[in-house]
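Subject: Structure handover

Dear colleague,

I am passing on the structure below, together with notes on what was found in it. Please read the notes with the structure open beside them.

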Amino acid sequence: MRRFGWRAAVAVLAAGLVLYTGFLGLPWPVFILAVALLAGQVAGLRLGLFALAGFALILVNGLWPQLVQSLYLCTLAVLLCLLVGGALGTWAAHSDRVSRTLKPICDALQTMPQFVFLIPALMFFKVGEFTALIAIMLYAIVPPIRYVEHGLRHVRADVVEAVEQMGATPLQTLLQAKLPLALPVVMLGLNQTIMAALSMLAIAALVGTRDLGQAVYVALGKADAGMGLIAGLSIAFLAILADRLIQAAVARSALA
């Protein structure tokens, strides 16, 4: 706290609590207050109150376990997509041959019907969350590839030349010049990755997940319009909250 401030100390405490309780066992009051505090600090009081209201709606309708499962599945999928897709996008930004190879693959992944992504996952893995994770990753991996490549390719050439003339290595140029300048585009790719992962939840429910997508699927089977509407609004709430948080974070970094 003395060195990095109270925000870093709270983040360390939150990470320790998650490691102690597990993501699925995290107490809901702690989780709601932490997200509301984060939203209030990053984007203001209105988004913090919006986060409180959205989580309260999910909680009173009995969908909290499904919400936590959805967050766990989507968070893991987004992190893996950023890791793999970001690496591929960086490679493509520095190699025209790799870029030409990845473009038709990304086009095929973006235009293919969502149900098709379940087929290769089911071929190699049994029904369950891991199969859903693979399907979500196949659908959500395209935005980080495209946006990272686009951001790195459109960094100002004079800035890169100045950094290289100062003796920076290629890795230093990438980490200290190109990526910071391409950060707004990369964050837009992160936004699109989260949206794609959330939109795939209802499709992934067909392979046996126990998240909000499964609640939508069960409501469809029972013709329960109320539960289907609440589950759908819960997914939309997560998407809107993530979008506003990312936009506010990018705006704050631009001002800084």
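Predicted model: local features only at pLDDT ≥ 70, side-chain atom pairs only at ≥ 80, totals over all residues.

Residues are numbered from 1 along each chain as its sequence is written, and side-chain values use heavy atoms, with hydrogens and water left out.

Helix α3 itself runs over residues 45-60, and because its 16 residues at 1.5 Å a residue should span 22 Å, the 23 Å between its end C-alpha atoms agrees; the expected span is 1.5 Å times one less than the number of residues. Its buried residues are Leu47, Gly48, Ala51, Gly54, Phe55 and Ile58, and these cover an arc of only 130° around the axis, which puts them on the same side of α3. The arc is that of the directions from the helix axis to the C-beta atoms. On the other side of α3, Leu45, Arg46 and Val60 are exposed (buried is under 20% relative accessible area, exposed over 50%, partly exposed in between, with a 1.4 Å probe and protein chains only).

Turning to the cavities, the count is two of 30 Å³ or more. A cavity is a set of points on a 1 Å grid over the protein atoms alone where a 1.4 Å probe fits but cannot get out, and its lining residues have an atom within 4 Å of a point; the points are joined across faces, edges and corners, and the volume is the space filled by probe spheres set on them.

The largest cavity, of about 30 Å³, is lined by Ser99, Leu102, Lys103, Cys106, Ile145, Arg146 and Glu149. Two or more of these residues come from each of α5 (96-111) and α8 (142-153), with α5 giving the largest share, four residues.

The second largest cavity, also with about 30 Å³ of space, is lined by Phe23, Leu26, Phe31, Trp64 and Val68.

As for confidence, the protein averages a pLDDT (the predictor's confidence in each residue, from 0 to 100) of 85, and 99% of the residues score at least 70. The mean is lowest in helix α6 (residues 118-124), at 77, and highest in α8, at 91.

Best regards

Conventions
1 Å grid on protein atoms, 1.4 Å probe; cavity = no way out; pocket = protein on both sides within 12 Å on 5 of 7 lines; lining within 4 Å.
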